[in-house]
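Welcome! Take a look at the sequence and the model first, then read on.

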Amino acid sequence: MATKKATATRDRPSTGSGSSGTGSRGAANQRADALCNRAKILAGTVTAIRKNPDASVADIAAEAGVGRQTLYGHFRTRPELIDAALLESLERAEGVLSEISLDGDARDAFQRLVASSWVFVDQSRAVLAAAQKELSPARIRELHEKAEARMRGLLERGQAEGAFRSDLPLSWLLTTTHVVLNGAAEEVRTGKLDPDDAPWFIDAILLPAFTHDAHSEQGR
């Protein structure tokens, strides 16, 4: 015959699996909160730096809506934070640019790539300017490797196919492209250029300059 103590023990709900489930849910919630805070901090970094290129960590934390302790829990220094913000921006751009078809006529492909690229140049311009003060040139080049390789490959193919001038070094075509893209972003920032018109203005400068021109070669 079962005793009262045995019956009570048998009838008491087991808390072993429930505690484990609660612990797992708690850990999952903490991870979700951490990811949410990290995203807010990175977004706040971009906004704060656009408002003030010299925004402090306190300014960024306030913009992100988190405490400085929370921010420092994710990023130990301002350069580390700037690095992460630039990396996140470039990775977001990579997700879009990698889907752009670069097949067919190199000039058409160049227009498609420029139309999307300049938007991300505009969005990351302020963070890039801050990164140039905080990070080494080698690190900035490393972060831009994928985007530059894509543009380099297209321009190189265009030269090989005769779509782009071969009398100009590939490095010069790349540099000119970067200068014009950043110039368009600056014109938009100051209100001198409508964002919707920027791709047309960029093409109006780059395509005639890059397109094969027999007269220009004869004049050299």
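How much accessible surface does the chain have, and what share of that surface belongs to carbon and sulfur atoms? The accessible surface comes to about 13,000 Å², and carbon and sulfur atoms account for 53% of it. Please keep in mind that this is a predicted model.

**The chain as a whole**

- The chain holds 11 helices and 0 strands, so its pattern along the sequence reads α-α-α-α-α-α-α-α-α-α-α.
- Of the 220 residues in the chain, 34% are buried.

- Helix H6 covers residues 106-134, and a straight helix of 29 residues would span 42 Å at 1.5 Å a residue.
- The end C-alpha atoms of H6 are only 36 Å apart.
- Where does H6 bend? The bend is at Ser124, and it amounts to about 55 degrees.
- At the start of H6, a side-chain oxygen of Asp105 comes to within 2.9 Å of the backbone nitrogen of Arg107.
- The side chains of Asp105 and Arg107 also meet in a salt bridge, at 3.1 Å from N to O.
- Asp105 is partly exposed, with a relative accessible area of 31%, and Arg107 is partly exposed at 33%.

**Helix H5, seen through two of its residues**

- Ile82 lies in helix H5, which runs over residues 78-97.
- Is Ile82 buried or exposed? Ile82 counts as buried because its relative accessibility is 0%.
- Leaving aside neighbours within four places in sequence, Ile82 is in contact with Thr45, Ile49, Val127, Ala130, Ala131 and Glu134.
- Beyond its neighbours within four places in sequence, Glu94 is in contact with Lys146, Ala147 and Arg150.

**Salt bridges**

- Side chains of opposite charge can pair when their charged atoms come close.
- How many salt bridges are there? The count comes to 13.
- One of the salt bridges is formed by Arg139 and Asp83, whose closest N and O atoms are 2.7 Å apart.
- Arg139 lies in helix H7 (residues 137-143) and Asp83 in helix H5, so this pair ties together parts that are 56 residues apart in sequence.
- Arg139 is partly exposed, with a relative accessible area of 24%, whereas Asp83 is buried, with 16%.
- The side chains of Arg157 and Glu161 meet in another salt bridge, at 3.1 Å from N to O.
- Both Arg157 and Glu161 lie in helix H8 (residues 145-161), where they are 4 residues apart, about one turn of the helix.
- Arg157 counts as partly exposed at 24% relative accessibility, and Glu161 counts as partly exposed at 49%.
- Salt bridges that share partners join Asp83, Arg139 and Glu142 into one network.

- What span should helix H10 have? At 1.5 Å a residue, the 13 residues of H10 (residues 198-210) should span 18 Å, and this agrees with the 18 Å between its end C-alpha atoms.
- The buried residues of H10 are Ala198, Pro199, Ile202, Asp203, Leu206, Leu207 and Phe210.
- Which helices do these buried residues pack against? They pack against H6, H8 and helix H9 (170-189).

**A residue in helix H2**

- Ala43 has its place in helix H2, which covers residues 16-51.
- With a relative accessible area of 46%, Ala43 is partly exposed.
- Ala43 and Ser89 are 46 residues apart along the chain, and their C-alpha atoms are separated by 9.5 Å.

Definitions and conventions: Residues numbered from 1 in each chain as written. Predicted model: local features only at pLDDT ≥ 70, side-chain atom pairs only at ≥ 80, totals over all residues. Heavy atoms only, no water. Buried < 20%, exposed > 50% of the residue type's maximum accessible area, 1.4 Å probe, protein only. Areas by Shrake-Rupley, 256 points an atom, 1.4 Å probe, with all protein chains shown as cover. Expected span 1.5 Å × (residues − 1). Bend = angle between axes of the 7 residues up to and from the residue. Polar contact = N/O pair within 3.5 Å; in protein donor to acceptor, adjacent residues only side chain to side chain. Contact = heavy atoms within 4.5 Å. Salt bridge = Lys/Arg side-chain N within 4 Å of Asp/Glu carboxyl O.
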